[in-house]
Structure formats: structure tokens, C-alpha cells
Amino acid sequence: MTAPRGAGIVGLFPALTVAAFLLPIVAGLAGTLLPAFGYLPAIGGNALGLDPWRRLIAYPGIATSVITSLSTGFAATLASLALAVAFCAIAHGRSWARRIGGFVAPVLSTPHAAIAIGVAFLIAPSGWIARAISPWLTGWTLPPDVATIGHRSGWPLVLCLVAKETPYLVLMMIGALHQVPARGHVMIARSLGYSSAEAWLKIVLPQIYPQIRLPIFAVLAFSLSVVDVALILGPGNPPPLAVLALRWFSDADIGYYFPAAAAASLQLLLVVFAIVAWRLAEPIVTSVARVWIVRGVRRGMATVSARAGFLVAIVLFAGSIFAIAGMALWSIADAWRFPSALPTTWTLGNWSRELASLRAPVSATLLLATAATLIALILALGCLENETRARHHVGTRALWLLYLPLLVPQIAFLFGTQVLLVKTGIDGTLAAVVWAHLVFVLPYVFLSLADPWRSLDSRYARTAASLGASPSRIFFRIRLPLLLGPVLIACAIGFAVSVGQYLPTVFAGNGRIATLTTDAVTLAGGADRRVIGTYALLQALLPMLVYVAAVTVPACRFARR
Amino acid sequence: MTRGRTELRFCALVLIALSFSAFAEDMPWNDIVAKARGQAVNFNAWAGDEKTNAFIAWVGTEVGQRYGIKLRQVKLRDTAEAVTRVVAEKAAGRDALGTVDLIWLNGPNFLALKAEHLLYGPFSAKLPNYRYVDTTHIRSNVVDFTIPLDGFASPWRRAQIVFVYDGARISDVPHSMAQLLAWAKRHPGRTTHPSVRNFLGATFLKQALYELAPDAQQLQEPATDANFAVQTAPLWVWYEQLRPLLWRHGEQFPDNGPAQRQLVNDGEIDMMISFSPAEAAVAQAAEQLPSSVRTVVFDGGTIGNTSFVAIPYNAAHKEGAMVVANFLLEPSTQARAQDYREIGAYTVLDVDALPHADRAMFDALPRHPALPTNAELRTPLPEPHPSWMTGIAAQWERRYTK
């Protein structure tokens, strides 16, 4: 990724960018793997050995933990993918489909933890859904004694992940559609008697799949190793593997560092295994699908299934909106007990009481998100500008590199990163947390910016150059203004990613930097729902407002011309 | 060669750190207060209860105005996080300018830090307000879970087990762990206890152990393989019968006390254990529980303990931390804390020995139908040695984590 031509300072950007996010991952992985084999001299681990692994295996629930991680991770990924595919198959070609990005933005930009908190209240036996239908429909005057949240199977965790990941995959698919002549293909297939959904599934999907493979792997890796959602909705006895690792990392007994590091390493292994398994299963699925496509059945089950999937996706989407709405209601509720469908008394007291405690996490959240997003933007723009000037496009391998932070489980490298940060003395500083956030913000900012940047007509720049404009003048006066819209959207995405970070904030901040998300997850452990409501609502609102600003600012700007 | 140099530098650092702490130890209180001015004290405190968070915020305002200290609550999900942090700093060789100045703790967390010599002290006797602490009647103020404090922590609030129930839904209130089992048979699924990984969940089992062990006196000694099996056998017989009768058939447990309280408020359960005698009154006043809740103290007496604030050996702001610890012992602070409209934390002070004006503040505290009387609370039972709690928690995990 070095610049072949003398690009000046701009030529340094790729190396700088790679260092910014690879260094913590590589150093962090080493810092986790060594104690997993017993090496951490600072707390008495001097010899390499398998003892941490023996202790991990001796934990009574370890098999269930691993199985829960695998089953919820795969279930969430498969379901999200199926729903996203069904949604796109039905939505393709409809006039409203072009505005889909705007529709899904509220769910996409809301942190996982906020949705999870809202879902927890929706689906609890004493939750909102039960309240809405009791006692007139169910006859329940007391909530039924059945398990939903924390169910052993982990279905609430899967539900929340699917609600959150489906819109993401839909957007990724729509992005990929720009690169195939989908409209024409679907029209030809329809003239051959296929329904529109069938045509999309049989002809468009196989063409875009290679481009959404990495996003799918990101969803798979994330679902397998998610911590905050699992803390709120997942089973607790035993919890999924990543939560178990976090629990041990924060145990009072220092000795638990070693099995914790082993558990975090096993988590890495699980993700690698899952991705390899998925990749190996692809040819099998492809050959089965080929038989189905070649048989040429028209008006088969495919359309019906796609419609069903589309409906489920819509219901889940509405559920996510209701999840946030429920928390908004709690934030202004005084008393709201089962089986009242709405609060019985209302108050603004929750907000006025919480104002003092909200100030610090809100300002930390804003500061971190702004700093991480701006740095990521500068790095991404620098890389892209370098690419343009050097007329040299990064290949697939670089794309994998960009996706690395989204593929490596957070728990597997953040612990090692923490040791590194403590050693250098910058742990618990805002700078450390900004850096940790940058690792995750950068890929999203870069990915969302890369396509619009690369597809900008190069004749603008050439014309300007022929008029004597310098490269930097072209950058600041031509490319940036033309790409203002995508740049702001990239900022909004980066901002939302930063707001949602839980584990990186906890580890790099050493617990001393509290954001809305870390506080909300802490409070979700049992605090007053009225208080949780204020945190969850703000968590959802901040990224949403930034997104709205990102969309409206260029619109106003261009409207004036 | 390089290693030798690093070691040398390390020794020098340790020496500097030692000289600093030696300096602090000899300082008269006025100098400590003077040095504390301008310090930013990181108070690591469990943050699952917003009432307590608000109280700590109030403490912050007060010490800010009076002593120029900037108090910041580092909000913890679990106190063990702070222990981990101190350990991590020790591991990284940060023996001075540590980031944790004050920790709210007791039990295993205190023991872990004290045993590893990670606490600063002894300091509690240096606090001017320490003379009001009841060290004779309330033994838990000086002995934490059978471990002598030796001045390495300063008490700030007391806890004692009570049970909170919804008086509108139950009338046959149990008065012992044995009766609780009989009650659960009549009302399956209507009570629970917090996860045993949480101190309150483990405390539930400990209380049962006290009532069921053949010789409760042995709980004051460290558990051995031999006496552990004998003393806990009846506990497991009892729990085997109780567990399927708990909420969610004993397969799920609320994470902690507040989560359990939310279950009572949501109508999912009717009765819960609490470690704060004023919890029902406090929560009722805040609309966190229905107005029909009441409190019961079991007949055979219940376990009580004290929780403390301690200062890590490497804390950057030891003077500020000591001034905060002293402020927490101020009679007016303690009276405010005991007010159920605040946090309802029973005082660690010997109220009878206080100057008249200070005692009057306690006498003037408001009453509430869900507050137990002092007569009902009696003298709390001392906490068993921590090895019993870790033992039963580990045993529970082996039996029920599958």
C-alpha cells in the first residue's frame, strides 16, 4: 500500500492508517495469547504451559457456553441473511426502495445495547407486549412464570441481533447492486415468466453474493462474540463464551486472568472456525442452488417464502422502533406496573433528576465520537486522495485488512491491548479510548466513503488541473465539495459506530471513561427502568440527530444554488 | 545490562514511592486536608443503585465546597472491576500515581486486596470522625467477614439481611428459611434470590447455612474440606427442594438486588431477600416498589455486615481519599444516609455516644411502615469466614451450571 509516485505527505496516509488500527489488534492478540498459555510475568505467570486451558475445560458449563455461542451466532447470521435477501427480493425495483437508507437509519444508527434494553422490556413476561394484551386477552393479572430474557437457548439474543443486523445486510446488498445490471436482468427474467422476486433470487443474488461475503462474515464474527447484547438478553448460567471471558477478566481473583485469556483465545478460534466452515459450505449450497435454478420452476415457493421473509423483516423492524419507544415512555413514566399498557402516572422528574449524572457520559460520548470520527475521516480521505493521485487501487487483500477489526472478536484482543495501554501509561485517558474506537470507526468510514469517491468522474479534476489548479486545490475546491454528501454520511456512520462501542470503552478506558453505552449496560443489570429509559433514549437520539444533520445539511446547501 | 538498569530504576521508583507514603503517614490531619485541596479523587463504587449514585454525587458537591476536592464516581458493574484495575496497575509496575483512589468494598474484595498488600494504611484511626464509630457493639465495623480490618478500611454503611414482601399479595409471611420452603411449596414461582455470583445471592445461601448448619459456630473459622461437607450438607438438602419452587423453576436468577427488586415491582415475584433494612421504604418512596410492600426479619436473627471505603497502595490522591472517608463518617452525613428518603443506610456510628445535637439528627429521622424497628433487627449475626461463601458459591456453580 505504498505510493508509487511522489505523493508527498499524502503518500504517508496508507501506512499511518494501517498502523492506527492494526497495531492494537496485533499487539492485543499477542497480549491475550501469551497469558492463555500461562505467560504474564507481572502476576506470576512465568512459564508457558497448558494450565489455563485445563482450567477453562474444567469449568462446569464450558461446553454449553461454546454451544450457545455457536448456535446463537450461526442462527443470528443465517436468519439476518435470509431476511435481508427476502427483503431485497421483494423490494427490488419498487419506487420506495431507493429511499431505504433513510428508513433503516434509525435502527442502524441506534447502538446494539439500546435496542437490547428495549427488546428486554418488550418481550419480558411482564413486559410491554404482555401488558398490552393482559388481562383482557390472556387473563393474566400476574405475569406468567415463563422464561424469555436469558432463555437457555438464547433466542432473545438471536432476535435482537437479527433485528439489528438485517437492515445492515440490506444496505450492503443495495450497495452491491450498483455494480451489477440488476434491473435489466430482472426484466429479462420476468419476460421469461419468472416473478420479480424469483428473478432477483436466481439471477441477481448469485452475482452480488461475492461482494456481500465480507459483510456477512462481519455479522457472523460479531454475533458469535457479542458481549453487550448477551449481557442484557443472553443466558447467564452459563453465559456465551465471550461473556464468560469478560466475567473472568473482571474477577476479583487475579488467577482468573489465565483461563479468561484462554477463553478469549478460544473465542478467536471459534470465529476462525465459523468463517472457514461458512466458506466451505458455500460450494455445497451453490451446487444445490444451481440445480434449483437450472430446473427453471416459475411461480414456485420462492415468491411466497420471500414474501414471508419480507413480512418478518418488517415486523422485526417495527419491533425495534417499539423497543426504543418503550424506553422513551419509561423515561417520562412515574409508576408503570403490570398489567397497565401505558404508564399510570407521568413525570419529567426522571430527566431532571438524571440531568446531573447524564452530563458526564453525554459529553464523553460526544467527545469520543467526534474525535474518532474526525481522525478516521482524515485518514480515510488521505488514503483515498493518495489512491487517486497515485492512480493505484487497493485490492481485495487490503479490503480484508480493513475488515479485520470487524472479524477479530473484540474480547480476543482488547484485553491484550489493555495491558499494552497500562504499560505505556495512557490507559484510561480519552486518547486511549479514541484510539480504541478508531479501530472500529475507521473501517466503516473508509468503506462508506470509498465507493462514492472512486466513482467520482475524473474529468472534473482533469479540467481543473488543465486550468492550473494544484492537487491540493483540486482536493479542497473540487473533490471535497462535490462529495460533501457522502463525507457527511460517512461521518454520521462513524459517529454511530463510536457511540455504540461497549467493550473497547470498558477496556481502553479502564472503566474510568463512562459513555452512555457503558452506563446503560451497567444500569441494565437491574437499575430502575425509568433511569435506563433516559440513557437508552439518548443513546438512540444522538446518532439519529447526527444522521439527520448529515442528510439535511447538503440538501439545504444545494437547495440554495 | 539493560535489565539491571531497569531494575535499578524500578528500585529507585519504589524508594520514591515509599518515601512519599511515609511522608503521608506522619502528616497531621490539618496538613492532610491542606494537601487534599485541589485533588481529583476517583471513587470506585458499585453503581447499580441510582439512589446511592445520587448520594455519592451529593458527597461530591459537599467535599468540593468544603475541601476543594473534585470527587468523581467511577461507576462499577461489579466491585471486583476495581480490584482488577489495581492488580493490573501492580502488574504493569505502576506503584505510584495509580488511578483508583477510593473503593467501596467489603468481604472477598477487601480480603483480596488486603492479602496481596495492595491497600494503603493503616489510616482509619487518623480520621477525626473515626472516634464516633461503634467498635464495641457492631463488631462488623472492625472485623470484616472474620478478617480484622487493621485500619486498612474505614466503615461507611451497614447492611443486614431482611426480607421484603408485597403485603397486598401475601399474608402467610415466613419467619425462617425452613418456613420459606413451606411457603414456596404453597406459592411456587413467587420468590427467587439473586445469582449466586452476586454477593446478595451468595448471602441468601449463607443465611440459610446459618440456620441449617449443625454447628453454626464453626462458620467463624476458615472452611476445611472436612467441616465444609458436614456443615453444608443440610443446606443442599433444603436447597434441592427449594430450587424447583423458585421463579423460573430456579433455572434463571436476577443478576443482582435491584434486578430482583424490579421483579417485585413488575409483579413477577412476591418476596425477596434484601441486604438493606430500609430498602422497602426507600424503594417505595421512589415508586420503585408498590406501596403495599413490608419488611420481615427472620426469627433466628440475620447476618449483618459493614461496608467500607479503602485506599489502594498506589492511589495518586491518598489525602483527598482520606478526607472523603472522613466526610462519610460525619454524623450529619451518616444521618442523611440513614434517611429512607435518601439511601436508608443504617449508621456505623454509636448514636448513643454522639454529642446531643448530632444524636438529635438521628432522632428526627422520618418513619415509614415498611421500616423495621431496631427491636426487630436485634444484634446482627456476624458474617462467616469468606471461605464459606466462596465454597458454597463454587459448589452451587458445580451443581447447577450445566
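**Legends: chains A and B of a predicted model**

**View 1. Chain B as a whole.** For a chain of 402 residues, the compact-globule rule gives a radius of gyration near 21 Å; chain B has 22 Å, which agrees. The model shown here and in every view is predicted. The C-alpha trace of chain B spans about 70 × 55 × 35 Å along its principal axes. Its secondary structure comprises 15 helices and 10 strands. Of its 402 residues, 54% count as buried. Take the contacts in chain B with a separation of 6 or more: 82% of them join residues 24 or more positions apart.

**View 2. Chain A as a whole.** Chain A has 561 residues, for which a compact globule would have a radius of gyration near 24 Å; the value for chain A is 25 Å, which agrees. Along the principal axes, the C-alpha atoms of chain A fill a box of roughly 70 × 60 × 55 Å. The fold holds 23 helices and two strands. Buried residues make up 51% of the 561 in chain A. Among contacts in chain A with a separation of 6 or more, 80% are between residues 24 or more positions apart.

**View 3. The contact between chain B and chain A.** Chain B brings 50 residues to this contact, and chain A brings 42 residues. On the chain B side, the elements giving two or more residues are the helices α3 (50-67), α4 (80-91), α5 (107-115), α9 (257-265) and α15 (386-400), plus β2 (70-76). Helix α4(B) supplies the largest share of that side, with nine residues. By class, the side of chain B that touches chain A has 17 nonpolar, 15 polar and 18 charged residues.

**View 4. Helices α18 and α19 of chain A.** Helix α18(A) covers residues 458-466, and helix α19(A) covers residues 471-482. Their axes come within 10 Å and cross at roughly 155 degrees. Angles over 145 degrees count as roughly antiparallel. The two helices, α18(A) and α19(A), are therefore roughly antiparallel to each other. The crossing of α18(A) past α19(A) is right-handed.

**View 5. Residues between α18(A) and α19(A).** From α18(A), the contact uses Y460(A), A461(A), A464(A) and A465(A). From α19(A), it uses I474(A), I478(A), R479(A) and L482(A). Seven residues of this contact are nonpolar, none is polar and one is charged.

Notes
Residues numbered from 1 in each chain as written. Chains lettered and ligands numbered in written order. Predicted model: local features only at pLDDT ≥ 70, side-chain atom pairs only at ≥ 80, totals over all residues. Axes fitted to C-alpha atoms, helices over the stretch in contact; angles between N-to-C directions. Helix = DSSP H or I, 4+ residues; strand = E, 2+ residues; numbered from the N terminus. Parallel < 35°, antiparallel > 145°, perpendicular 65-115°, else oblique. Left-handed = near helix turned anticlockwise from the far one by under 90°. Contact = placed C-beta atoms within 7 Å. Nonpolar A, V, L, I, M, F, W, Y, C, P; charged D, E, K, R; others polar. Rg over C-alpha atoms; globule rule 2.2 N^0.38 Å. Buried ≥ 20, exposed ≤ 12 C-beta atoms within 10 Å, placed from the backbone.
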